[in-house]
Amino acid sequence: MSKITLEDLKKLREQKKKELSKRDSEGKTTQIIIGMGTCGIAAGAKDSFDAFLDEVDKNNLTDVSITQTGCMGLCYAEPTVEVIVPDMPAIVYGNVKADIAKRIVNEHVVGKALVNDHIFDKPAADILK
C-alpha cells in the first residue's frame, strides 16, 4: 500500500469541496430538495440524489443547490423531491427514480417546463393569486 502524498491530499480536499458546494444554497436561486427520511431512503432516494448531482454536473449548472430533508409526508410516493425555480411555482414530484431525476433537471430546471406525469403536490400559494 502506497502512502498518500501531501499533493494527493490537496487534490482530494479540492475535489470534496467542489462536491459539497453543490449542497450549499447560499446565493443560489434554484433549489432541489430531496426527501431522505427512512421511507425515502428505502424507496431509492439516494440513487435519485446521485442522479441529480450527475445531471447538474453534466449541464454545468452552478446556480442549483441540491439538499436533503426528512420525510415530506408523501410516503406512498417516495422518493419525493421539491423543486424551486425562480418565476415558477414550487413543485413536489413523486416516484422520482434516477431517470425521472434526469428529466426534472433537463425539463424543469433547464427547460422551464413541468414534468406533469410526476407532480404530486403543488403549494396553494400560486393558486390563491
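This is a predicted model: local features need pLDDT of at least 70, side-chain atom pairs count only at pLDDT 80 or more; totals for chains, interfaces and linings use all residues.
User: Let's start with the strands. Which strands does S1 pair with, and in which direction do they run?

Analyst: Look at the bridges on either side. 6 bridges join S1 to strand S2, residues 64-69, and these two run parallel. 4 bridges join S1 to strand S3, residues 81-84, and that pair is antiparallel.

User: Which residues stand opposite each other?

Analyst: Take one example for each pairing. Isoleucine 33 has threonine 67 as its bridge partner in S2. Isoleucine 34 stands opposite valine 81 in S3.

User: What should I keep in mind about side chains along a strand?

Analyst: In a regular strand, side chains alternate between the two faces of the sheet.

User: Now the core. Which residues touch the most other members of the largest nonpolar core?

Analyst: The core has 24 residues, and those touching the most other members are Ile32, Ile34, Phe52, Ile66, Val96 and Ile104. Next, ask which elements supply the core. S1, helix H3 (45-58), S2, S3, strand S4 (91-93) and helix H4 (98-110) each give two or more residues. H3 gives the most, with 6 residues.

User: Which residues does phenylalanine 52 touch?

Analyst: Set aside residues up to four places away in sequence. Phenylalanine 52 then touches Ile32, Ile34, Ile66, Val81, Val96, Ala101, Ile104 and Val105.

User: Let me try isoleucine 66. Is isoleucine 66 buried or exposed?

Analyst: Read the relative accessibility. Isoleucine 66 is at 0%, so it counts as buried. This residue lies in strand S2. Leaving aside neighbours within four places in sequence, isoleucine 66 is in contact with Lys22, Arg23, Ile32, Ile34, Phe49, Phe52, Leu53 and Val56.

User: How far apart are isoleucine 66 and lysine 46?

Analyst: Keep two distances in view, along the chain and through space. Isoleucine 66 and lysine 46 are 20 residues apart in sequence and 12 Å apart in space, C-alpha to C-alpha.

User: What about a loop residue? Where does threonine 80 lie?

Analyst: Threonine 80 lies in the loop between S2 and S3. Check accessibility again. Threonine 80 is at 0%, so it counts as buried.

User: Now the surface. Which residues form a nonpolar patch there?

Analyst: Ile4, Leu6, Leu9 and Leu12 form one, with about 400 Å² of accessible area together. Take leucine 12 as a case. Leucine 12 lies in helix H1, residues 6-21. Its relative accessibility is 41%, so leucine 12 counts as partly exposed.

User: How many salt bridges does a search of the whole structure find?

Analyst: First the general idea. Side chains of opposite charge can pair when their charged atoms come close. The search finds 4 salt bridges here. One of them joins the side chains of arginine 13 and glutamate 14, at 3.9 Å, N to O. Arginine 13 is exposed, with a relative accessible area of 53%. Glutamate 14 is partly exposed, at 43%.

User: Which residues are linked in a network of salt bridges?

Analyst: Arg103, Glu107 and Asp117 are. Take the links in turn. Arginine 103 forms a salt bridge with glutamate 107, the closest N and O atoms being 3.1 Å apart. Both residues lie in helix H4, 4 residues apart, about one turn of the helix. Glutamate 107 is partly exposed, at 31% relative accessibility.

User: And how far apart are the closest N and O atoms of arginine 103 and aspartate 117?

Analyst: They are 3.2 Å apart, and this pair also forms a salt bridge. The pair links distant parts of the chain, with arginine 103 in helix H4 and aspartate 117 in the loop between H4 and strand S5 (119-121), 14 residues apart. Compare the exposure of the two ends. Arginine 103 is partly exposed, with a relative accessible area of 27%. Aspartate 117 is exposed, with a relative accessible area of 51%.

Terms used:
Residues are numbered from 1 along each chain as its sequence is written. Side-chain values use heavy atoms; hydrogens and water are left out. Two strands pair if DSSP finds at least two bridges between them. Patches are made of residues with over 30% relative accessible area and no salt bridge: like charges are joined within 9 Å, nonpolar side chains (Val, Leu, Ile, Met, Phe, Trp, Tyr) within 5 Å. Accessible areas come from the Shrake-Rupley method with a 1.4 Å probe; for residues, only the protein chains shown count as cover. Buried means under 20% relative accessible area, exposed over 50%, partly exposed in between (1.4 Å probe, protein chains only). A nonpolar core is a set of buried Ala, Val, Leu, Ile, Met, Phe, Trp, Tyr and Cys residues joined through side-chain atoms within 4.5 Å. Contact means heavy atoms within 4.5 Å.
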